[in-house]
Amino acid sequence: MFSSIYHTIVFDPLYNGLIFLFDTFPWMDAGFAVIIFTIIIRLILFPLSKKAIVTQVRMKEIEPELNKLRKEVPDKQQQALKVMALYKTKGVNPFSSFFLLFLQLPIIYALYSIFISSGLPEVNGALLYSFIEIPTINMHFLGLIDISQKSFFFAALAAVAQFFQLHFSLAASGPTTKSDNPSMDMAANMMKNMKYVFPVIVFFISFKISAVVAIYWAVSSLFTLGQELVVRRHLKKHQPL
């Protein structure tokens, strides 16, 4: 039942949206269509992403007060109550970013699934709406590169884009001071290592499948990087956002 709802509400509309681009603009090659389609979806998700970034910034602003509170109140139960009271006073909901990410996950997963299992240039006609015809898809990006095949260049581009996106996101959070909580320190170290490990994973996945996946991943990472730059700059100049 869950799979049926997921396909009806998320996967099928996104798949049809991608094929609709090919059907409406027959001159558009697959690489260009993937770029445009990814940007459109990320723009639709932007309001949710923006709220998550704002929450992250606000959390960082009150971090000194949180650290002071944790040192002054050793009792864990009282500490938790004080922390929640501080969040309420500052108008910060620490759980909103997780909730917003949770809302985006089905769409992000669907996009990833579409580009992995799309089978382009073949089109699954059984998934298409009645008003969308099966188009002829040109897989040669800019008339030069067959992106249905593996590409070291695009896989490397996806990995580099992912690295810079994670590097900025972690750096923008500011330096993390060593806490009295070992689990928090371990989580912080894992986040730091992730910016080196995850791009490598992205490279191997992108290279193993096809350049289509690599292009999607590169565009998605660069868009995420761009939206963080814009939101954080706007937040810094015009508070509240």
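Tutor: pLDDT is the predictor's confidence in each residue, on a scale from 0 to 100. That comes first because this is a predicted model, and where pLDDT is low, the predicted coordinates should not be read in detail. The mean pLDDT of the protein is 80, and 84% of its residues reach 70 or more. Confidence is lowest in helix α5 (residues 96–117), at a mean of 72, and highest in strand β1 (residues 140–141), at 89.

The part to look at is helix α4, which covers residues 76–90. Helix α4 has 15 residues, and from its first C-alpha to its last it reaches 21 Å. That is close to the 21 Å expected at 1.5 Å a residue.

Now sort its residues by exposure. Buried means under 20% relative accessible area, and exposed means over 50%. By that rule, the buried residues of α4 are Gln-79, Val-83, Leu-86 and Tyr-87. Seen down the axis of α4, these buried residues fall within an arc of 100°, so they line one face of the helix. On the face of α4 turned away from the buried side are the exposed residues Gln-77, Leu-81, Lys-88 and Thr-89. The cover over the buried residues of α4 includes α2 and α3. After α4 comes Gly-91, which has a positive phi, near 70°.

Ile-35 lies in helix α2, residues 30–61. Ile-35 counts as partly exposed because its relative accessibility is 22%. Leaving out residues up to four places away in sequence, Ile-35 touches Phe-141, Ile-215 and Val-219. Ile-35 and Val-212 are 177 residues apart in sequence, yet 9.6 Å apart in space, C-alpha to C-alpha.

For a second residue, go to helix α7 (residues 182–209), where Ser-206 is found. Ser-206 is buried, because its relative accessible area is 1%. Its side chain reaches the backbone oxygen of Val-202 at 2.8 Å. Again leaving out residues up to four places away in sequence, Ser-206 touches Ala-155, Ala-158, Val-213, Ala-214 and Trp-217.

Notes
Residues numbered from 1 in each chain as written. Heavy atoms only, no water. Helix = DSSP H or I, 4+ residues; strand = E, 2+ residues; numbered from the N terminus. Buried < 20%, exposed > 50% of the residue type's maximum accessible area, 1.4 Å probe, protein only. Polar contact = N/O pair within 3.5 Å; in protein donor to acceptor, adjacent residues only side chain to side chain. Contact = heavy atoms within 4.5 Å. Expected span 1.5 Å × (residues − 1). Arc of directions from axis to C-beta.
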